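Start with the model itself.

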Amino acid sequence: MDDYQLLTDLHKNANRQGPGGDAETEKALSLAMADRDEPSKIADIGCGTGASTLLLARLLNAQITAVDFLQDFLDVLKGRAENLGLSEKIMTLCCSMDNLPFGEEEYDVIWSEGAIYNIGFEKGVADWNRYLKVDGLLIVSEITWTTASRPSELQKHWESEYPEIDVASSKIRILEKNGYSPIGYFILPEHCWLDNYYRPMQNSFGDFLNRNGASEDAQAIVEAENREIELYEKYKAHYSYGVYIAKKLNLHKP
Ligand SMILES: C[S@@+](CC[C@H](N)C(=O)[O-])C[C@H]1O[C@@H](n2cnc3c(N)ncnc32)[C@H](O)[C@@H]1O
């Protein structure tokens with residue numbers, strides 16, 4: 001198995017593939033003041049196995065296009081949607097988030113939890129703007145410094161993993177520069193990382209290693225995840241995911 005297959009194998013049985021929580025997804029929805037009964041069209045980009053997709057389908061009168069470039073994750077999402085009787089509200093689409101086959105102004109809402117970093121926040125919010133209707137909502141979570149300065153060990157780690165990591169004011173400025181009016185921001189609390197993501201992942205390491213014959217590559221993945229978890233536990237005061245809620249402006253209005 002190559003690294004992608006191993007990572008898919010590690011994550012596909014999890015409820016979520018990154019930090020987040022149902023209460024926090026619902027909080028973002030409340031801050032957006034979305035009308036839950038109004039028919040709407042949503043794209044959930046980098047949906048993984050669909051933690052947010054399934055909740056949105058349950059809460060809203062919406063048709064949701066759930067996008068991920070890993071078909072294995074989408075297959076799990078499809079099975080979950082069927083079990084919950086939500087299949088009619090969800091269409092899965094296997095493609096890359098930097099090559100979306102969407103029309104101009106096709107969507108009322110673009111949702112993306114813990115995934116936009118794959119193409120970079122600035123590129124993502126700039127590229128996806130065209131797919132939103134005017135006054136449509138962009139709701140994205142993005143790893144964010146929560147303090148003005150931080151220890152160099154932490155800074156070095158995240159700057160090599162994701163050079164775009166920054167403070168919320170810089171992310172909000174990027175939204176403003178790219179045709180959005182920011183209307184809400186909050187940070188994910190600790191339980192979204194530890195209880196909802198890291199602990200279930202750690203509990204799955206034993207089975208993951210057994211399934212993969214404790215290969216060197218599988219062990220390297222476990223070590224890298226453990227290092228990320230240790231870093232979070234040591235330095236969690238300095239970063240989290242920020243959840244950004246913004247409305248697309250009509251820049252052609254007089
Ligand atoms: C950290 S996970 C978050 C998944 C899910 N939103 C959640 O919160 O549980 C990031 C997701 O983005 C997907 N992904 C990564 N690069 C992608 C790309 N270029 N296009 C589409 N999906 C991508 C991964 O397969 C993964 O499911």
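H5 passes H7 in a right-handed crossing, a label used when the near helix is turned clockwise from the far one by less than a right angle, with anticlockwise giving left-handed. This is a predicted model: local features need pLDDT of at least 70, side-chain atom pairs count only at pLDDT 80 or more, and totals for chains, interfaces and linings use all residues. Residues are numbered from 1 along each chain as its sequence is written, and side-chain values use heavy atoms, with hydrogens and water left out.

**H5 and H7**
- The axes of helix H5 (residues 121–128) and helix H7 (residues 168–177) come within 10 Å and cross at roughly 25°.
- Axes here are lines fitted to C-alpha atoms, for helices over the stretch in contact, and angles run from 0 to 180 degrees between N-to-C directions.
- Helices (H or I, at least four residues) and strands (E, at least two) are DSSP runs, numbered from the N terminus.
- H5 and H7 are therefore roughly parallel to each other.
- Angles under 35 degrees count as roughly parallel, over 145 as roughly antiparallel, 65 to 115 as roughly perpendicular and the rest as oblique.
- H5 contributes Phe121, Glu122 and Val125 to the contact, and H7 contributes Lys171, Ile174, Leu175 and Lys177; contact means heavy atoms within 4.5 Å.
- By class, the contact of H5 with H7 has four nonpolar, no polar and three charged residues.
- Ala, Val, Leu, Ile, Met, Phe, Trp, Tyr, Cys and Pro count as nonpolar, Asp, Glu, Lys and Arg as charged, and the others, Gly among them, as polar.

**H6 and H9**
- Helix H6 (residues 152–161) and helix H9 (residues 216–235) have axes that come within 11 Å and cross at roughly 140°.
- That makes H6 oblique to H9.
- H6 passes H9 in a left-handed crossing.
- Glu153, Leu154, His157 and Trp158 of H6 meet Arg227, Glu228, Leu231, Lys234 and Tyr235 of H9.
- The contact of H6 with H9 holds four nonpolar, one polar and four charged residues.

**H1 and H8**
- The axes of helix H1 (residues 3–11) and helix H8 (residues 190–211) come within 9 Å, crossing at roughly 120°.
- H1 and H8 are therefore oblique to each other.
- On H1 the contact uses Leu6, Asp9, Leu10 and His11; on H8 it uses Tyr197, Met201, Ser204, Phe205, Phe208 and Arg211.
- Six nonpolar, two polar and two charged residues make up the contact of H1 with H8.

**Ligand**
- The ligand is surrounded by 18 residues (a heavy atom within 4 Å), and the closest are Gln17, Gly46, Asp68, Met97 and Glu113.
- A backbone N or O atom of Gly46 lies 2.8 Å from a ligand nitrogen atom.
- A polar side-chain atom of Ser96 is 3.1 Å from a nitrogen atom of the ligand.
- A polar backbone atom of Phe69 lies 3.3 Å from a nitrogen atom of the ligand.

**Val167**
- Val167 lies in strand S6 (residues 166–167).
- Val167 touches Thr144, Trp145, Thr147 and Arg150, not counting residues up to four places away in sequence.

Conventions. Polar contact = N/O pair within 3.5 Å; in protein donor to acceptor, adjacent residues only side chain to side chain.
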